[in-house]
Amino acid sequence: VELNKEYQNGGVKLTFTKLPDPSGNIKIEEITLTEEQIKQTGSLSDKAYDITSDMKDGDFSYNLSLPIPESSKGKTVDVKFTEDLSNIASAEKVENSLTKTDTSVSVTNLDHLTIFVVVNPAPSGSACITAGADTGTGCYATINEAINAASNGDTVNVSAGDYVEDVNVTKDLTLQGGAGTNL
């Protein structure tokens with residue numbers, strides 16, 4: 001590999017900003033995630049990207065750009081990583097600086113190669129803190145997201161209050177009530 005040269009595979013692009021001497025080789029592979037892996041990570045698509053090299057982690061630095069699925073334009077995105085696909089359920093958020101466009105998300109100054117996936121993060125920040133979440137924890141945009149998270153083993157805490165959400169009913173219900181009955 002060469003310094004400041006863009007390497008590309010599909011929508012994945014990376015450019016090395018620091019290399020050891022001699023430099024090594026890289027491989028960029030697109031991986032198709034299962035439905036379970038998509039749920040575990042919060043991935044925006046069924047695609048993850050395995051980037052490997054014979055260079056030692058920390059001996060190099062690079063900038064990475066990953067594609068954002070067409071159906072996810074305008075959504076908030078994060079990038080998660082894991083060393084091994086079998087541990088994708090515990091993928092961690094990349095803490096480096098992110099830059100997002102309509103079609104890609106870029107991460108700067110990475111120093112290790114691994115498996116990356118573009119995700120839609122759980123809401124966080126002041127709105128969650130105002131609702132009673134502890135600093136540093138996430139919250140869920142919908143009741144259904146919280147139920148799904150609980151089904152995946154997450155602990156979901158609910159603060160007191162009224163919760164309103166549009167519900168799509170997929171089954172016809174017949175309600176009956178006698179005189180004076182409130183439905």
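This briefing describes the fold, the sheet, the aromatic pairs and the salt bridges of one predicted protein model.

The model is predicted, and local features therefore need pLDDT of at least 70, side-chain atom pairs count only at pLDDT 80 or more, and totals for chains, interfaces and linings use all residues. Residues are numbered from 1 along each chain as its sequence is written, and side-chain values use heavy atoms, with hydrogens and water left out. The secondary structure of the protein chain comes to 3 helices and 10 strands, where helices (H or I, at least four residues) and strands (E, at least two) are DSSP runs numbered from the N terminus.

**Overall make-up**

- Read from the N terminus on, the elements of the protein chain follow the order β-β-β-α-β-β-β-β-β-β-β-α-α.
- Of the 183 residues of the protein chain, 27% count as buried, a class that means under 20% relative accessible area, with exposed meaning over 50% and partly exposed lying in between (1.4 Å probe, protein chains only).
- The protein chain exposes about 11,800 Å², of which carbon and sulfur atoms supply 45%; accessible areas come from the Shrake-Rupley method with a 1.4 Å probe, and for residues only the protein chains shown count as cover.
- Among contacts (heavy atoms within 4.5 Å) in the protein chain between residues at least 6 apart in sequence, 60% join residues at least 24 apart.

**Sheet and hairpin**

- An open sheet is formed by 5 strands in the order β3-β4-β10-β6-β7, with antiparallel pairing; two strands pair if DSSP finds at least two bridges between them.
- The edges of this sheet are taken by β3 (26-32) and β7 (92-93), each of which has a single partner strand, so one side of each is left without a neighbour in the sheet.
- Strand β6 (residues 78-82) is joined to β7 by 2 bridges, and the two run antiparallel; the bridge partner of Phe81 in β7 is Glu92.
- Strand β1 (residues 6-9) is joined by 4 bridges to strand β2 (residues 12-18), again with the strands running antiparallel, and Tyr7 stands opposite Leu14 in β2.
- β1 and β2 form a hairpin with 2 residues between them, and Gly10 in the turn has a positive phi of about 65 degrees.

**Aromatic pairs**

- Rings of Phe, Tyr and Trp (its six-membered ring) pair if their centres lie within 6.5 Å, and planes under 30 degrees apart count as stacked, over 60 as edge-to-face and the rest as tilted; by this rule the count comes to 4 aromatic pairs.
- One of them joins Tyr7 and Phe16 in an edge-to-face arrangement, at 6.4 Å centre to centre and with 70 degrees between the planes, and both Tyr7 and Phe16 are buried.
- The rings of Phe60 and Tyr62 have centres 6.1 Å apart and planes at 35 degrees, so this pair is tilted.
- Phe60 is buried with a relative accessible area of 1%, and Tyr62 is buried with a value of 0%.
- Tyr7, Phe16, Phe60 and Tyr62 form one aromatic cluster.

**Salt bridges**

- The structure holds 4 salt bridges, each defined as a side-chain nitrogen of Lys or Arg within 4 Å of a carboxyl oxygen of Asp or Glu.
- Glu30 forms a salt bridge with Lys47, the closest N and O atoms being 3.7 Å apart, and this pair links distant parts of the chain, with Glu30 in strand β3 and Lys47 in strand β4 (residues 47-53), 17 residues apart.
- Glu30 is partly exposed at a relative accessible area of 47%, and Lys47 also counts as partly exposed, at 22% relative accessibility.
- Glu30, Asp46 and Lys47 are linked in a network of salt bridges.
- The side chains of Asp78 and Lys93 meet in a salt bridge of 3.9 Å, N to O, and the pair links distant parts of the chain, with Asp78 in strand β6 and Lys93 in strand β7, 15 residues apart.
- Asp78 is buried, with a relative accessible area of 12%, whereas Lys93 counts as partly exposed at 41% relative accessibility.
- Lys27 forms a salt bridge with Glu29, with the closest N and O atoms 4.0 Å apart; Lys27 is partly exposed at 49% relative accessible area, and Glu29 counts as partly exposed at 36%.
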